[in-house]
Amino acid sequence: MKGLLETVVRGLGNGSVYALLALGFVIIYKATKVISFAQPALMLAGAVAVSYLVEVTGFYLAVPLAALMIALLALGIERVAIRPMVGRPVFVVAIITLGIDVVIRVVVNHYIGRDVRQMGDPWGFDQVSIGPLVVQERWLAMLAVTAVLVGLLFAFFRYTRYGLAMRAAAYDQETALAQGVSVGAVFALSWGLAGFLAAIAGMFVGTGQGVEQLTWIIALKALPAIILGGLDSLGGAVIGGLTIGVVESLFQSYQGDIAPWLGQNFAVVSPYVVMLLVLLVRPYGLFGTREVERV
Amino acid sequence: MTTLSRDSDIPTGRSRRVRGRPLLYTSYGQDMALLDTTAKRIWTLVLVLAAFLLSGMLADRSLEVLAGAFVLAIGAIGLNIVSGYAGQISLGHAFFVAIGAYTAAALSGPVDGRNLGFGLTEIWIWLPAAGLLAALAGVLVAPLAVRLRGLYLAVVTLGLVFLGEHIFKEWDHLTGGPGVGRQSAVPTLFGARLDVDGPLGTREQSLYTLMLIMLIIFAVAARNLARSRIGRAFSAIRDRDIAAEVIGVPITRYKVLAFGISSFYAGCAGGLLYVMTGFVEPGSFSLLLSVQFIAMVLIGGVATVSGSIMGALFIVLIQPLTRALPGFVPFISGDTTVTPNVFQVETVLYGLLIVLFLVFEPRGLFGIWIRVRNYWKSWPFSY
């Protein structure tokens, strides 16, 4: 039981990172109807930015600075590469984000080099005990920071003018435009937010084990998370991310004993299995809006 | 009788062409013909003959590269069937290619070897088997695909690639495991091995000819498929699936069919792809391979067979150019461990090319060819 709970805490910690990434995907999707495949590169760039800034400013200042930098980078990408593509097929824009992803990663890899870069985070692999449970501090930090960020984000969407504008634009772009909402600003804002969240997620991914060139692959686990939750549901992204994290963690701990025939490292692909199973039952994810189409 | 006379008014089959009016069709059959103008007939013949003659003229190294391009073209045609003609975006093509590659390798592998093998080296056994097994996988995946559209489908097929990568890395009795790999399919035709120097020419010459013949078979089959009832159903589903259903296209059946046929092509391409290198490693079937196929389709031309072939040739033939880059640009290295290296430049180039083509010429190389052709057709007038 103790082991199980510790596994779940680890899963929730990693899952909250997936949730942050998934939120970025969903925010961009809601605004522009595009899955941005540039998200992994933004995450990696965020982690690397933290690893450099930490030597200058210290960790707690480096994280928000890096997140702002990546948000600006995302804004720039949106302005230069995505905005001119408004009105083109969704697939075109998705491929463009894929190309941007590769370009950014090549540039960022240059700054990573061949070695692992450390975040200089205060948690490392340190453990802390809550009652009988012994868990790593960084998982608790991930969970706490994600909870705060998600709370702020939902408050932003619920109570601010810009949040309202974003919700309106997501609901119906033309009507929002007619009501005076600057849809262009909404696109920019959603990319900026996604970049910000990706950078924070990247920092957390880098805690403990550090960041290397292949770290970007972790961001792809947010894809099953968003499909699981439903592409256009913010709450779904959070729940999907946490679910994927816990499932992966459970497979990590128990699959070797219970089902060794699945092979080593099955945990790595378990999110995709969960995604496939859920889609068989609910084609639009758990909380996604069912598309109603007219001919 | 009125009906008889009306029947004779509408000529069917191949009727006489009017000289000097290549675009005047006097029958439906002419309009639907694969090679509908004399010029096309002549030039296609010339092109095919030239392709066959090349095997005697080029160096073995170049033949190997071209043969590889032909096989990739088969795979690209397969992806074009499901994504171009039927409009179902699939990022999972590498998965089906892998199934084909391993089916072929296992069937033709030695019985008592280190890896799974059945010793059936005849190409007419393992090639259809590779295609069929991949097609079966495609049909099994299709029920998911039928319920999903657009980006959901893209992400799910992406998941397929990761799952496949995992399976093939873990099942080392079949694949040899990551970093080790296994011997790939052995091509034997009626007892004669095609991958050794023989009476037909050198190893590269016979493999080149084999791949060329395969490409022609698969390309003609795809063209015929596209102009048949099935092809028209695919286009209808691509353009508006609900409308297609309303006019009586059984959507589920055709989506399953599209995935099946596409995977059959992928499987055959996979079986043939590693014949040249004689070696196949489970790490090769990653997302990058899928992206390469997508690049071929998009750069070559969506929903065109000749475009897929052009795209595959283009992607393969820019490789020697980029590999030569370190000689000209001093800061680009040929070593994978240094940044920026040639392979990264290549990856960026794929992305950039896809974007440029999507923005400036969505019809791809095929579209450029159409524009050039139309320019000279009406030359010296502008239209």
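Across the interface of chain A and chain B, the rule finds zero residue pairs in polar contact with both residues at pLDDT 80 or more. A polar contact is a pair of N or O atoms within 3.5 Å; within protein, one must be able to donate a hydrogen and the other to accept it, and residues adjacent in sequence count only if both atoms are side-chain atoms. This is a predicted model, in which local features need pLDDT of at least 70, side-chain atom pairs count only at pLDDT 80 or more, and totals for chains, interfaces and linings use all residues. Residues are numbered from 1 along each chain as its sequence is written, chains are lettered from A and ligands numbered from 1 in the order in which they are written, and side-chain values use heavy atoms, with hydrogens and water left out.

Salt bridges between chain A and chain B also number zero, a salt bridge being a side-chain nitrogen of Lys or Arg within 4 Å of a carboxyl oxygen of Asp or Glu. The two chains bury about 3600 Å² between them, 76% of it on carbon and sulfur atoms; buried area is the accessible area (1.4 Å probe) that two parts lose on being put together, summed over both. On the side of chain A that touches chain B, helix H4 (90-112), helix H9 (222-229) and helix H11 (266-281) of chain A each supply at least two residues. Helices (H or I, at least four residues) and strands (E, at least two) are DSSP runs, numbered from the N terminus. H4(A) gives the most to this side, with twelve residues. In all, the contact (heavy atoms within 4.5 Å) takes 45 residues from chain A and 31 residues from chain B.

Within chain A, an unreviewed UniProt entry places the feature "transmembrane region" at several spans, among them residues 180-205 and 225-247. Such annotations may be inferred rather than shown by experiment. For residues 180-205 of chain A, the end C-alpha atoms lie 40 Å apart, and the span is 88% helix and 0% strand. For residues 225-247 of chain A, the corresponding values are 11 Å, 83% helix and 0% strand.

Strand S1 (residues 127-130) and strand S2 (residues 133-136) of chain A run antiparallel and are joined by four bridges; strands pair if DSSP finds at least two bridges between them. A:Gln127 stands opposite A:Gln136 in S2(A). Two residues lie between the strands, and A:Gly131 takes a positive phi near 60°. A:Lys33 has a positive phi of about 60° although it is not a glycine; A:Lys33 lies in the loop between helix H1 (2-32) and helix H2 (39-57) of chain A.

In chain B, the peptide bond from B:Trp379 to B:Pro380 is cis, with omega near 5°. B:Pro380 is found in the segment after helix H17 (364-378) of chain B.
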